[in-house]
Amino acid sequence: MNSIRATYKKNTPKSAAAHRRAHAAVIGGNSRGAANHGPHPLTIEYGEGARVVDIDGREYLDLINNYTSLVHGHAYPPIVEAAQRQVGRGTAWVANNVWQTELAEALIERVDSFDSVRFTNSGTEAGMLALQIARTVTGRTNVLMARFGYHGSLMEFEVGSFPMLFDDHAQDRTYLATFNDADDFEAVLAEHGAEIAAVVIEPVMGGGGVVSATPEFLARVRDATHAAGALLVFDEVIAFRLATGGTQALVGVEPDLTMLGKLIGGGFPVGAVGGKNEYMGIFDPANPRGFHSGTYNANPVTMAAGLVSVRELTAERIDRMDALGERLADSLTRSAGQHGLPFCLNRRGSLIQVFFQEQAPPNTILSRDGDLSAGFHLAALNHGMMIAGRGMIALSTVMDEELIDDAAQRADAAMEDVAREMG
Ligand SMILES: Cc1ncc(COP(=O)(O)O)c(C=O)c1O
């Protein structure tokens, strides 16, 4: 990886200096753990369409799109127009705005399990809110989630995402079971169900490695959750891009509550919880059983941008992105074979996770591909292509076949470097 790393350093001196400076003021160099990687992350100057440009003036095809949230790419003109119009007319006030209602209506129209919605500023806060609702409704405290699932930075969930970082005491409120193993979920619910307020699950594990839950698994978890008197929460912060009605519409299993985020903000900070009024009703002022507020909740800029983002994510565009995902996945697999690299990938629609090993591990944290993934990530940057450090790819609606073939060529060149240096 020495020459891959050396090339990266040679290409990005201004990003290196910016990172050194940032690190002195922001411990770790960035407030976002998932954006960090060695030898230093890029500092990006701007993004446009399917591309970003760094402060050294180098251009990259952006194949991660802010971890799936920029479903229409960077600075999508209809979103820019909606946001700019609103920015010029004020960005927040202690009163209502019509965009909030319109975005909520658009989501309710799309998702069968929604009677109503409430907005937050992040997916993490959506998780907090879902947990608050479940705790209030059930009178219980604990949560059950999939080991290595990701539901944001709330500690109750982080102990499941990164169990190795926490001691046993921190795990007091969180039970863990194995994703796609209904027996395991049923066993935990049978033993501890009386303490569990919510079972929280991604119908497609995003950060965990684009692992799809089977419909049978989700249906059994729903039944066991309800038998235990707990609420089933689907985390569709990422999976919502896979169908207009969310992945829940594809698998035919309705949760009680759904966490949303990312794409529904059109590139601005956002989160939301939607569900039946039986549960959401704890916030009905006529009979309040909970309080939820936030200075920037449902602010008009995010709501106006998010409305465009959701409306423009049509079934046709989702199908097109999915076909592009298949095209790219085929090219990546072919290239890896040609370069003699151990390789496999998980794909669900426009989401891809690459692994430089023969068989996909159950999730990314258990990946054992040595430095190959990290090497590919840097080599891809050297060839002008940005993916997530852990090998995740998320396409956008502004991509076409020509761009995907360009990306495939860059990935091929990156794999050649990896094979030469590390294979
Ligand atoms: C599935 C899932 N849930 C929740 C979150 C947390 O969202 P946010 O980063 O907006 O807090 C993320 C973020 O990556 C996510 O992927």
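**Aromatic pairs in the predicted model.** The structure, a predicted model, holds 5 aromatic pairs, a pair being two rings of Phe, Tyr or Trp (its six-membered ring) with centres within 6.5 Å, called stacked if the planes are under 30 degrees apart, edge-to-face if over 60 and tilted for the rest. Local features need pLDDT of at least 70 and side-chain atom pairs count only at pLDDT 80 or more, whereas totals for chains, interfaces and linings use all residues. Residues are numbered from 1 along each chain as its sequence is written, and side-chain values use heavy atoms, with hydrogens and water left out.

**Close-up of F185 and F217.** The ring centres of F185 and F217 lie 5.3 Å apart with the planes at 75°, so the pair is edge-to-face. F185 belongs to helix α7 (residues 182–192) and F217 to helix α8 (residues 215–227), so that distant parts of the chain, 32 residues apart, are linked; helices (H or I, at least four residues) and strands (E, at least two) are DSSP runs numbered from the N terminus. F185 has a relative accessible area of 0% and is buried (under 20%, with exposed over 50% and partly exposed in between, for a 1.4 Å probe and protein chains only), and F217 is likewise buried, at 2%. Ring pairs join F179, F185 and F217 in a cluster.

**Close-up of F356 and F376.** This aromatic pair is tilted, with F356 and F376 at 5.1 Å centre to centre and 50° between the planes. Because F356 lies in the loop between β14 (351–355) and α13 (372–382) while F376 lies in helix α13, the pair ties together parts that are 20 residues apart in sequence. Both F356 and F376 are buried.
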